[in-house]
Amino acid sequence: MTNYVRIFDTTLRDGEQSPGATMTSAEKLEVARALSRLGVDIIEAGFAAASPDDLEAVKRIAIDVGGAPAPGRDQPPIICSLARANKVDIDKAWEAVRHAKRPRIHTFLATSPIHMKYKLKMDPEQVIERAAEMVAYAKSFCDDVEFSPEDAGRSEPEFLYVVLAEAIKAGATTLNIPDTVGYTTPDEFGKLIEGIIKNTPGIEKRIVSVHCHDDLGMATANTLAGIRAGARQAEVTINGIGERAGNTSLEEVVMSLHTRKPVFGLESGIDTTQIMRVSKLVSNYTGMVVQPNKAIVGANAFAHEAGIHQDGMLKHHQTYEIMRPETVGVTQTRLVLGKHSGRHALKKRLAELGYMLNEAELDKAFERFKNLADKKKTITDADLEAIISDEIYQPREVFALEEMQVVCGTLGMPTATVRLRGPDGKSVVRAAMGTGPVDATYKAIDEIVGVSNTLLEFVIHAVTEGIDALGEVTVRIEGANGSHTLDAQKETETPRTFGGHGADTDIIVASAKAYLSALNKLLVASGDYGEAEKAAAVEAM
Ligand code: KIV
Ligand code: ZN
């Protein structure tokens, strides 16, 4: 058995299935590029049959990210699409992934008594037959086929051996074992994998994969137990986002293998120094804020503030630190660039951080950098990352913020005056009052944009310490008559929500930018403005 664990990232599929984590096609592409640079082996780029937009997003990733290796890598990642066990889904999955150099179709069918009886309304024999038939159908297009017995964690092990053996005979190359509802304990899950490896005919020449959910907070422990029992693919998401309590988080599994190497004796192909950057990217795009105490990527994960810890740290960093922050890309570097620093120095530092910008993007970033350098003495890597998220990874601005002014305080009502440039290039000004400065600003924006929506989440935090810090705002909105997305497993339609992100030293300006970026995504997705503009916007995204 090899000592290499394949990392299968499903941020763009299972991660995106979590309520509110909708990303635009452009954002998905950017995340896929970042995952490829991070070194994941397989990217599950989506569920192509969910909608034409989803199919298109998977296809773009297959062409772009699946077409060429990331710098420093030998081959591009495998690009995969999920498909229910039916021909229509498999056709759509193939249509999307066939453009990749290394395509994969991932099909699944539930095997637990409760799922077979109530969801599928099929008996066990029918399930075996359908699984084999659909794996064979997928195999007729694609050499690389993954099969998952959904809800394996609550399935009869003996039944799993039979279904998996039939899937193997039909051509499945990877057998993925999902603990769909996060029900098992590490001990149970490890034994389940051990039993599958021991009792399933033909499995010795196939890859066994594990896919765990975190409903009882045991996803990482279960995944590691499965790996110790012989699984050599781990299905994970960045920041652990996913259905309900989420999936196993990539950073926790990878850093466990890395930090406890003598215990596991295993390795992955992940460049751990990029973990933090990808974590921030996903958080900004999905609007799902990472809790400060989250392992590896939380803001406090490497903060050693308590007095006694600091004293210990000064004597030897290993007293309270099992991983170096640099290993996961948490840099303490203060960029010694100020007002007089040049474009070249900025380009070099951004490249060191993993951002390869083209000339136009660099121009934008440089302008923002100069602006910030006028207001703030030291500019850190975190500031640069906020600038990049704010300036470069934004949807096309259907409405762009030109100017704004807010009056607030204890005297009178908070009032905001906002000027936006609309899709026709004309400027429109509106003023509004609100319960506070953000409320007033959003009301003024609403008067101009005129798209009814619900603000689901508003989070603000300082990018760095210090009174002159950049404020970063993340919002999530849902359109009143917005589009829906199909959940592959529950087969239900859920409303699409849109995340927005903005950064500025003025937190009200950051709030306005975040709201506008979410509104712009909603407008593009719903086509609430001219078709020509929509096409141009989609093209630009
Ligand atoms: O949790 C699950 O069962 C899944 C499958 C589709 C692999 O996400
Ligand atoms: Zn799942």
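A cavity, as I use the word this morning, is a set of grid points, computed over the protein atoms alone, where a 1.4 Å probe fits but cannot get out. The volume I shall quote is the space filled by probe spheres set on those points.

Please keep in mind that the structure above is a predicted model.

By this rule, two cavities reach 30 Å³ or more. For the largest cavity, the volume comes to about 110 Å³. What takes up the space of the largest cavity? That space is taken by ligand 1.

Sorted by class, the lining has seven polar, three charged and three nonpolar residues. Among the secondary-structure elements, α1, β4, β5 and β6 each contribute at least two residues to this lining.

Next, the ligand itself. Around ligand 1 we find R13, D14, H106, F108, S148, E150, N176, P178, T180, H211, H213 and Q489. By class, this shell comprises seven polar, three charged and two nonpolar residues.

Which side chains place a polar atom beside an oxygen atom of ligand 1? I shall name R13, at 2.9 Å, H213, at 3.0 Å, and D14, where an N or O atom of the side chain is 3.1 Å from a ligand oxygen. How much of the area that ligand 1 exposes when taken alone does the protein bury? The ligand alone exposes 260 Å², and the protein buries 100% of that.

The elements giving two or more residues to the ligand shell are α1, spanning 11-15, and the strands β4 (103-110), β5 (145-150) and β6 (174-179).

Thank you for your attention.

Definitions and conventions. Residues numbered from 1 in each chain as written. Chains lettered and ligands numbered in written order. Predicted model: local features only at pLDDT ≥ 70, side-chain atom pairs only at ≥ 80, totals over all residues. Heavy atoms only, no water. Near = heavy atom within 4 Å. Polar contact = N/O pair within 3.5 Å; in protein donor to acceptor, adjacent residues only side chain to side chain. Areas by Shrake-Rupley, 256 points an atom, 1.4 Å probe, with all protein chains shown as cover. 1 Å grid on protein atoms, 1.4 Å probe; cavity = no way out; pocket = protein on both sides within 12 Å on 5 of 7 lines; lining within 4 Å. Sits in = over half its atoms within 2 Å of the grid points. Helix = DSSP H or I, 4+ residues; strand = E, 2+ residues; numbered from the N terminus. Nonpolar A, V, L, I, M, F, W, Y, C, P; charged D, E, K, R; others polar.
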